[in-house]
Amino acid sequence: MSEASPAKAYALHLGAIALLFVLSFLLPEYYHGVLARIMVLAVFAMGYNMLFGYVGLLSLGHAMFFGAGLYGAGLAVIQLGWSVPAAFGAGLGCGAVLSLIIGLLALRTTGVAFMIVTMMFAQVFYLAILYFAAWTGGDQGMVVPQPARVLSFGATSLDLTNPTVRYICALSLFSLVLLITLAIVRSRYGRVLVAIRENEERTKMLGYDTFSNKLAAVVVSGTICAASGAAYALLFGYVGSSFASVQYSILPLLWVLLGGAATTLGPLIGTLFMYYVIDVTSGYTSAYLLIVGIALILLVLFFPKGILGSIRQRWLGWLP
Amino acid sequence: MTPLLTTKGLSRNFGGLRAVDSVDFTLMPGEIRAVIGPNGAGKTTFVSLVSGRIRPSSGAILFDGADITGLPAYVRVRQGIAYTFQITSVFANLSAYDNVALPVQRTLSDGRSKGAVRAGVMSALERTGLAGRAHMPAGQLSYGHQRLLEVAMGLALKPRLLILDEPTQGLADSEIDNFVELVRDIAKSATVLLIEHNMPVVMHLADRITVFNAGRILAEGAPEAIRNDAAVQDAYLGTAP
């Protein structure tokens, strides 16, 4: 797997990043904004894929990691008046610490119990946001004020509310996380993660401490999801409790399943696909979720490995 | 000389069943030791206790003089106890190369260079005759080749004690001959503990034989002595040719 065609894989990923960069100049304004949002959410999906796709751990609580980044960054700006980079760092830090704690506790379970435990923790997180409404704004959420959303380097400053700046920031984060994921899954550590997914008992008998490896994967995954949440707060200026609700724990699972679990580009494709299915169908009918549901069922029936996973299986075996 | 492996009063109960019943066992470095016995005699449970896959109900295990009874399996592997599975459990979706790379990359102490992993993997695959199939998914290898891959993974751990649990089960006669040669070759650098039903293989390979029956050691000695032991014949060999 990791021995085959590294050049091809890197060329494909750099090509995808270049394409997204070019699209920034070609897309009409509405789609420009949509794509920026999709790229940030695709980072969320990539973080989820790290754990679900490569380690085979199905979490139903990843909204709390997205929420940790979202609120970590949002509260730092709104309540503490921190600058954008510091707030982004605060979001990352919250995600890393939270995922370490949750990992230590939840990894004592496996399978269905792991799903339930992660979901319960995420609900606790969600309810805590509502409970501490004095700081978090409760179910109303908070708006990050426009003047605070400025990235300053000495004399120059970038306004994150400017669509082009926002797009480039989203793209930068997306590209960075994409390349990090690619490097991880092609590394020796990535090989161990896949081995744990395939047969954890056997991996132990090769001398691997599978608990520590899984814990590291939870932290990497949670921190990537927090990066997505922090970027969302700073780029789009809204910090809301709905992002920590159970719906946002299920969405990354759907995005990853659609795009193809354990494929590096699958999360982007899945997020993009799902967004446009909802966008297009909701233009025709108010029962658009019905159509989305049917589309999902058809996909799972005919492409159980997701869009990119099926392409890899049938034609392009070298896809990472 | 310190024994490589010693067990003292090692026991394991499954409910009311004493699968392994206060076993005192000693294995000297460099030996090829065969463990035989009827089905259900506790052979696999015994080696699972040694490798750390299951916990003993009581008793102690010493490896190279040090007590390892409380250590988790992965630490024992790192200390040099490798276990190859009775039921082939290679990573079916990974290539043969990746299967062997997993143990190789962990044992490399210097290890950042890609060349070192590659060299280690290819040497283990060559010793087992699988080098030409390195990039096939393990699940697509023939059963005999999967068994060999299992051994290659054990070899790649550079073990001091290699536990082989019924390695020739399901192999064709021609494959068994090669296998015997391979185990001889391995024994030059490691102590081998072999659970085996195929008596010609056992008689050929083993320096000493331990016979299990009903969770206890029934007899122990050189192959000839075991062959002529009346109690062993009663319990086990009576049905063999």
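**View 1. Arg202(A) touches Ser89(B) and Phe91(B), leaving aside residues up to four places away in sequence.** Touching, or contact, requires C-beta atoms, placed from the backbone, within 7 Å of each other. The model is predicted: local features need pLDDT of at least 70, side-chain atom pairs count only at pLDDT 80 or more, and totals for chains, interfaces and linings use all residues. Residues are numbered from 1 along each chain as its sequence is written, while chains are lettered from A and ligands numbered from 1 in the order in which they are written. Arg202(A) sits in helix H9 (residues 200–204) of chain A. Helices here are DSSP runs of H or I with at least four residues, strands are runs of E with at least two, and both are numbered from the N terminus. Is Arg202(A) buried or exposed? Arg202(A) counts as buried because it has 21 C-beta neighbours inside 10 Å. The cut-offs are 20 or more other C-beta atoms within 10 Å for buried, 12 or fewer for exposed, and in between for partly exposed.

**View 2. Chain A meets chain B through 16 residues of chain A and 20 residues of chain B.** Helix H8 (188–198) and H9 of chain A each supply at least two residues of the chain A side. The largest share of that side is six residues, from H8(A).

**View 3. The largest nonpolar core holds 168 residues.** Such a core is a set of buried Ala, Val, Leu, Ile, Met, Phe, Trp, Tyr and Cys residues joined through C-beta atoms within 7 Å. Leu234(A), Val100(B) and Ala152(B) have the most contacts inside it. Beyond its neighbours within four places in sequence, Val100(B) contacts Val121(B), Ala124(B), Leu125(B), Ala152(B), Met153(B) and Ala156(B).

**View 4. Helices H12 (residues 266–284) and H13 (residues 288–302) of chain A cross at roughly 140°.** Their axes come within 8 Å. Axes are lines fitted to C-alpha atoms, for helices over the stretch in contact, with angles from 0 to 180 degrees between N-to-C directions. Val277(A), Ile278(A), Thr281(A) and Ser282(A) in H12(A) meet Tyr288(A), Ile291(A), Val292(A) and Ala295(A) in H13(A).

**View 5. Strands E2 (residues 150–153) and E3 (residues 156–159) of chain A run antiparallel, joined by four bridges.** Strands pair if DSSP finds at least two bridges between them. Val150(A) stands opposite Asp159(A) in E3(A). E2(A) and E3(A) form a hairpin with two residues between them. In the turn, Gly154(A) has a positive phi of about 60°.

How values were computed. Contact = placed C-beta atoms within 7 Å.
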